[in-house]
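Please read these notes with the model open beside you.

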Amino acid sequence: MTKKTVLVVTGPTASGKSALALAFARLRGGCVINADAMQTYDAFPILTAQPTASERAAVPHALYGVLPLSRNLSAGRWSAMASAEIERCLNAGQVPILCGGSGLYIRTLMQGISPVPDVPAEIRERGNAEWESMGGAAFRARLAERDPEIVAVLKPADRQRHVRAWEVLEATGKPLSLWQKGEGTPAPWRFVTVLLAPERPWLRARIELRFDQMLAAGVLAEVRAVFDSRPDPTWLGLKAHGAPEFFRHFRGELTLDHARRLAIDHTRQYAKRQMTWSRHQLAPDLVFNPTANPDLGAPEKLLDKIGV
């Protein structure tokens, strides 16, 4: 039996993924399924550049803004949610189009992942206590001695993921990077992946422009509302690019201009990591450079080229 096709549109932040996925959906009667961890949360629609109301009205969209910040998301949980949406789209006669830059989530869906055994609460608590006592840099250096592969893909300030990697090591004696490579159950669909790979100067300018557009659209008030609610600092959704910097601004630690500049710089660094990871881990069927194609080229021709 021929496998049904799932189209994947991925690439670094601000590269034009959402616009291309929308064009594909219009051409093929598709539904766009979010594959960006931060866009899954409901608190920051502007900051995480979620589709607008008019875009959602044009074609079906799924998994955007569906979780509260208090519900931490994992690759495994997202994979289960996305699988259900893919089946729903296929049953409705639509082409499922995954759109987003969370490469590990996409790979987990495609290849499956070995379930990590439950970690006792006392080990997790000990990991958080050691992060506090040692400091993030020392904790990261110690973890790198035992699982350098996982440390290489973690942001230095990402406490939650560093502690998670450490606790898995302590509980199982096996690095998290090896668990993630373990034999899972591959998805039953055929995936066709389009990777947007713009030139770096073009992308850097796009990231800055988009951030300023967010400021003009009221993102500061959006983030302030969350800040004033006194959220738990361990919530994953608070790591959305711009939120930590704005929080520091609200605490009086940074001027708004300094927060803006840091947020743009951090987003650019993240985009570089996304590009490197996607090229090596997702084996895209088509690498498309939108730099010379500000209108995203001819979507119909791209679809014909990949046979969708």
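**Notes on the model**

1. The largest cavity is lined by S18, A19, A21, L22, V32, P51, E55, H61 and Y64. A cavity here is a set of points, on a 1 Å grid over the protein atoms alone, where a 1.4 Å probe fits but cannot get out, and lining residues have an atom within 4 Å of a point. Helix α1 gives the largest share of this lining, four residues. By type, the lining has six nonpolar residues, two polar and one charged. Ala, Val, Leu, Ile, Met, Phe, Trp, Tyr, Cys and Pro count as nonpolar, Asp, Glu, Lys and Arg as charged, and the others, Gly among them, as polar.

2. Keep in mind that this is a predicted model, in which local features need pLDDT of at least 70 and side-chain atom pairs count only at pLDDT 80 or more, while totals for chains, interfaces and linings use all residues. Residues are numbered from 1 along each chain as its sequence is written, and side-chain values use heavy atoms, with hydrogens and water left out.

3. One disulfide (a pair of cysteine sulfur atoms within 2.5 Å) turns up in a search of the whole structure. Its partners are C31 and C89, with an S to S distance of 1.8 Å. The link ties together distant parts of the chain, 58 residues apart: C31 lies in strand β2 (residues 30-34) and C89 in helix α3 (residues 75-91). Helices (H or I, at least four residues) and strands (E, at least two) are DSSP runs, numbered from the N terminus. The link of C31 and C89 is right-handed, with 135° about the S-S bond.

4. Are C31 and C89 buried or exposed? Both C31 and C89 are buried; buried means under 20% relative accessible area, exposed over 50%, and partly exposed in between (1.4 Å probe, protein chains only). C99 takes part in no disulfide, as the nearest cysteine sulfur, that of C31, is 12 Å away. C99 is buried too, at a relative accessible area of 2%.

5. The whole structure has 20 salt bridges, each a side-chain nitrogen of Lys or Arg within 4 Å of a carboxyl oxygen of Asp or Glu. One of them pairs R28 with E300, with 3.0 Å between the closest N and O atoms. These two come from distant parts of the chain, 272 residues apart, with R28 in helix α1 (residues 17-28) and E300 in helix α14 (residues 299-306). R28 is partly exposed at 24% relative accessibility, and E300 is partly exposed at 33%.

6. A salt bridge also joins E85 and R88, whose closest N and O atoms are 2.7 Å apart. About one helical turn separates E85 from R88, because they are three residues apart in helix α3. E85 counts as buried at 18% relative accessibility, whereas R88 is partly exposed at 39%.

7. R126 and E170 meet through their side chains in a salt bridge (3.7 Å, N to O). R126 belongs to helix α5 (residues 121-134) and E170 to helix α8 (residues 159-172), distant parts of the chain 44 residues apart.

8. Finally, a network of salt bridges links E208, D212, R260, R261, D265 and R268.

Key:
1 Å grid on protein atoms, 1.4 Å probe; cavity = no way out; pocket = protein on both sides within 12 Å on 5 of 7 lines; lining within 4 Å.
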